[in-house]
Amino acid sequence: MKYEGIIFDLDGVICHTDEYHYQAWKTLADKLGIYFDREINNRLRGVSRMASLEIILECYEGAPLTDEQKEQYATEKNDVYKKLLGNMSEKDLSKEVADTLNALRAKGLKLAIGSSSKNAPYILERIGLGNFFDAVSDGNNITHSKPDPEVFVKAAEFLGLPAEKCMVVEDAEAGIDAAIAGHMDSAAIGDAVGCGKATCNLTTFADLLKEVEE
Ligand code: BG6
Ligand code: MG
């Protein structure tokens with residue numbers, strides 16, 4: 001086997017919370033009179049909550065905001081987002097993803113989450129994967145967000161594996177950059193395919209089964 005561990009991004013890879021992020025940021029942007037669309041939302045993939053807010057504020061024309069105000073707005077966005085996450089259930093985990101995860105585990109691979117999100121444990125619980133992964137590295141245990149490799153380096157550490165034995169699965173260019181910076185191979189899916197920087201590209205999640213073989 002080429003790898004001993006697979007580290008999965010969560011949002012946009014294991015499940016799809018993008019629409020909820022969009023709706024929650026849109027609610028805040030509308031309140032502040034800031035232009036915000038799905039193209040800007042795409043730039044938020046893999047980026048931390050506070051860094052996402054800074055991207056949204058690029059179109060803000062009011063008086064400069066204090067750090068306290070920014071914290072307050074990020075909290076407001078997260079309150080709306082968490083309410084929307086409450087709609088998620090085991091139905092939001094596709095059969096393809098569930099079957100592929102089980103097949104990877106059956107091959108003896110260790111499986112981890114490497115997500116920028118502080119809501120990762122809640123999302124995993126909603127979709128029925130609360131106790132599934134061998135390790136969870138997320139926005140709660142890092143100080144630097146993707147493209148910094150910290151979240152993946154920690155995930156590999158939690159699994160007890162060296163970087164070269166791990167593969168990262170990502171839908172964000174920032175996540176592929178983070179894998180490269182952490183000296184890990186990467187598989188791009190969805191939006192990240194376009195950046196052309198990953199070790200391999202997946203057309204569909206189940207393609208991963210072919211990529212992990214020697
Ligand atoms: C990432 C998302 O997984 O988590 C980003 O791709 C998001 O869009 C980031 O900003 C932080 O999420 P949270 O849940 O901590 O606000
Ligand atoms: Mg993602």
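**A guided conversation**

Guide: Let us begin with strand 2, residues 110-114: four of its five residues are buried, so the strand is largely enclosed by the rest of the structure. Please keep in mind that this is a predicted model.

Visitor: Which strand pairs with strand 2 over four bridges?
Guide: That is strand 1, residues 5-8, and the pairing is in the parallel sense. Within this pair, Ile 6 stands opposite Leu 111 of strand 2.

Visitor: And how many bridges join strand 2 to strand 3?
Guide: There are three, and these two strands also run parallel. Here Ile 113 stands opposite Val 136 in strand 3.

Visitor: Which helix makes a unit with strand 2 and strand 3?
Guide: Helix 6, residues 120-126, does so, and the three elements make a right-handed β-α-β unit.

Visitor: Moving on, what about strand 5? Is it buried or exposed?
Guide: Four of the five residues of strand 5, residues 185-189, are buried, so the rest of the structure largely encloses this strand.

Visitor: Which strands is strand 5 joined to?
Guide: Strand 4, residues 166-170, is joined to strand 5 by four bridges, and the two run parallel. Strand 6, residues 200-202, is joined to strand 5 by three bridges, again in parallel. As examples of facing residues, Val 168 stands opposite Ser 186 in strand 5, and Ala 187 stands opposite Cys 200 in strand 6.

Visitor: What do strand 4, helix 8 and strand 5 make?
Guide: They make a right-handed β-α-β unit, in which helix 8 covers residues 173-181.

Visitor: New topic: the metal. Which residues coordinate the magnesium ion?
Guide: The magnesium ion, ligand 2, is coordinated by Asp 9 (OD), Asp 11 (O) and Asp 171 (OD), at 2.1 Å. Along the sequence, these donor residues are spaced D-x1-D-x159-D.

Visitor: Are Asp 9 and Asp 11 buried or exposed?
Guide: Both Asp 9 and Asp 11 are buried.

Visitor: And Glu 170, where is that found?
Guide: Glu 170 is in strand 4. Glu 170 is buried because its relative accessible area is 0%, and buried means under 20%.

Visitor: How far apart are Glu 170 and Asp 11?
Guide: They are 159 residues apart in sequence and 9.0 Å apart in space, C-alpha to C-alpha.

Visitor: Which residues lie nearest the centre of the largest pocket?
Guide: Of the 34 lining residues, Val 47, Ser 48, Arg 49, Ser 116 and Ser 117 lie nearest the centre. The lining divides into seven nonpolar, 17 polar and ten charged residues.

Visitor: What about the second largest pocket, how much space lies there?
Guide: About 170 Å³. The second largest pocket is lined by 13 residues, and Asn 42, Arg 43, Arg 45, Glu 173 and Ala 174 lie nearest its centre. Helix 2 and helix 8 each supply at least two of the lining residues.

Visitor: How does the lining of the second largest pocket divide?
Guide: It divides into six nonpolar, one polar and six charged residues.

Visitor: One last point: which residues does a cis peptide bond join?
Guide: A cis peptide bond joins Lys 146 and Pro 147, with omega about 15°. Pro 147 lies in the loop between strand 3 (135-137) and helix 7 (150-159).

Notes:
Residues numbered from 1 in each chain as written. Chains lettered and ligands numbered in written order. Predicted model: local features only at pLDDT ≥ 70, side-chain atom pairs only at ≥ 80, totals over all residues. Heavy atoms only, no water. Donors = N, O, S within 2.8 Å, 3.2 Å for Na, K, Ca; no water. Buried < 20%, exposed > 50% of the residue type's maximum accessible area, 1.4 Å probe, protein only. Pairing = 2+ DSSP bridges. Right-handed = clockwise from strand over helix to strand, strands pointing away. 1 Å grid on protein atoms, 1.4 Å probe; cavity = no way out; pocket = protein on both sides within 12 Å on 5 of 7 lines; lining within 4 Å. Nonpolar A, V, L, I, M, F, W, Y, C, P; charged D, E, K, R; others polar. Points joined across faces, edges and corners; volume = space filled by probe spheres on them.
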